[in-house]
Amino acid sequence: MDKMWSGRFSASASSLLDQFNASIMFDRKLYLEDIEGSLAHATMLEKQGILTKEELKQITDGLNQVRTEIESGEFEWKISDEDLHMGIEKRLTALIGDAGKKLHTARSRNDQVAVDFRRWTLKKNLVLVEALKALMKEVLVVAEQHTETLIPGMTHLQHAQPINFGFHLGAYLSMFKRDIERFESSYERNNVSPLGCAALAGTPHNVNRETTADLLGFDSVSVNCLDTVSDRDFALEILFNISTMMMHISRLSEELIMWSSYEFGFVELSDEYSTGSSIMPQKKNPDVPELLRGKTGRVYGSLMGLLTVMKGLPLAYNKDTQEDKEGVFDAVETAEISLEILKEAIKTMTVKPHNMEKACAIGHLSATDLADYLVEKCNIPFREAHFITGRAVAKGEELGVDLSAMEFKYLKEIDERINEDVMPYLALRHSMNARTSQGGTATVRTLEQLEFFRAYITEQ
Ligand code: ARG
């Protein structure tokens with residue numbers, strides 16, 4: 001009968017219940033937020049005349065002692081204490097006696113866990129912003145070196161139009177920037193204090209919620225207590241934000257995997273970030289991007305898991321909510337290591353411009369340019385120009401030559417109106433550099449885009 005809530009019970013909890021009910025094995029990760037929350041709560045209680053100065057001093061010293069014990073590994077985490085909130089409070093009371101029993105005045109574990117988990121999650125939004133910026137920086141370094149390196153731009157995984165590799169990487173920079181904005185906006189929206197909501201309805205004690213909000217670095221105080229103690233949107237948001245970010249990482253990973261195959265040969269991952277085979281001595285496998293692709297699925301699982309936990313819950317707090325933490329912890333940990341290792345893999349990989357450019361000479365990448373020439377110089381309607389170009393492509397297939405290398409005489413045979421000035425239009429680099437519309441692939445445009453991203457990550 002050593003439970004804090006044992007007053008109304010006459011038999012002890014079974015050890016099976018203890019095992020099933022407890023969260024202390026995982027929520028101990030929130031120990032710092034819990035202690036800081038308690039310190040802020042006690043400080044406010046003293047300001048409001050609910051605790052004496054002496055009691056506040058005892059609580060503060062006691063909590064600092066508990067923190068030292070946790071950080072030195074001395075603290076005993078017991079499953080029978082159920083969760084970290086009760087584990088810490090119990091130890092505090094053992095250390096300081098009666099003053100410890102007053103700490104929970106005007107507070108419930110419901111607003112306590114809401115504070116702890118929210119603050120932990122808010123901080124992680126910002127940690128991930130920094131990690132994303134560090135990744136963007138490495139991607140930028142590679143992109144800036146390759147604004148003139150041709151690579152086949154694809155749709156349907158078929159060669160489409162020549163682009164440059166810097167432009168290709170610029171697409172991922174755009175995605176990562178949006179990811180950053182999502183983490184930042186979640187941080188701002190959810191930076192409201194739950195403390196003082198108590199169990200669900202507020203408290204009759206004369207608390208000051210602004211004081212604790214200030215002490216804990218929240219921007220404001222939540223509006224409705226019933227919502228606050230059961231709101232896990234902040235957890236869902238970080239899971240969604242991580243899922244979207246991992247989806248972007250996974251798409252880049254998929255390309256890195258393809259690009260490191262013999263068929264593409266566009267990049268080679270460094271030895272440091274590649275693995276071998278236990279049987280085939282020649283193998284060099286792209287395990288890093290493969291795992292990044294795989295871990296994306298696992299993160300989605302956590303998002304779907306929590307959405308499902310939340311969907312049928314009547315107001316306000318329900319124990320189901322305790323299932324919110326492990327998925328978020330796992331997703332955040334996965335996101336942190338994923339960003340770090342992707343950054344290193346990109347930093348250390350070798351780009352092979354020669355192979356990229358060679359690949360551009362297959363698949364008639366400048367076909368659109370021939371059609372554009374017919375429209376511009378010969379005044380032929382685009383539909384007809386499309387057809388004539390199709391004939392030129394068919395001729396190329398018949399001759400086994402790419403359109404970019406086709407002799408003028410064959411083009412003239414296809415359509416009389418084609419003149420010698422067509423030749424530059426067929427050149428691959430010309431094709432890439434012709435796309436000067438805003439956001440286009442022309443080197444001048446790519447440089448602008450990369451400058452934009454560089455300014456973005458260095459500002460603030
Ligand atoms: N361990 C609980 C959780 O993580 C803390 C809140 C418990 N509140 C309660 N009334 N049982 O959700």
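Which residues in H8 meet which residues in H20? Gly166, Phe167, Gly170, Leu173 and Lys177 in H8 meet Thr446, Gln449, Leu450, Phe453 and Tyr456 in H20, where contact requires C-beta atoms, placed from the backbone, to lie within 7 Å. This is a predicted model, in which local features need pLDDT of at least 70, side-chain atom pairs count only at pLDDT 80 or more, and totals for chains, interfaces and linings use all residues. Residues are numbered from 1 along each chain as its sequence is written.

**Packing of H8 and H20**

- Helix H8 covers residues 165–190 and helix H20 residues 443–458; helices (H or I, at least four residues) and strands (E, at least two) are DSSP runs, numbered from the N terminus.
- The two helices pack at an angle of about 35°, and their axes are 10 Å apart; axes are lines fitted to C-alpha atoms, for helices over the stretch in contact, with angles from 0 to 180 degrees between N-to-C directions.
- The contact of H8 with H20 comprises 5 nonpolar, 4 polar and 1 charged residues (Ala, Val, Leu, Ile, Met, Phe, Trp, Tyr, Cys and Pro count as nonpolar, Asp, Glu, Lys and Arg as charged, and the others, Gly among them, as polar).

**Domains**

- The domain assignment, which is automatic or from a database, gives domain 1 (18–105), domain 2 (110–143 + 151–352) and domain 3 (360–455).
- Between domain 2 and domain 3, the C-alpha centres lie 40 Å apart.
- Domain 2 and domain 3 supply 15 residues each to their contact.
- On the domain 2 side, H7, strand E1 (150–155), strand E2 (158–164) and H8 each contribute at least two residues.
- That side of domain 2 divides into 9 nonpolar, 5 polar and 1 charged residues.

**Ligand surroundings**

- Around the ligand stand Ser23, Asp27, Asp83, Arg109, Asn110, Val113, Tyr317, Lys319, Thr321 and Gln322, a residue being near if its C-beta atom, placed from the backbone, lies within 6 Å.
- Helix H7 (residues 109–145) gives the largest share of this shell, 3 residues.
- By class, the shell holds 2 nonpolar, 4 polar and 4 charged residues.
- The ligand lies between domain 1 and domain 2 because both give residues to its shell.

**Backbone details**

- A cis peptide bond, with omega near 0°, runs from Leu315 to Ala316.
- Ala316 belongs to the loop between helix H12 (287–310) and helix H13 (325–348).
- Glu82 is a residue other than glycine with a positive phi, near 75°.
- The loop between helix H4 (53–71) and helix H5 (84–96) contains Glu82.

Definitions and conventions. Contact = placed C-beta atoms within 7 Å.
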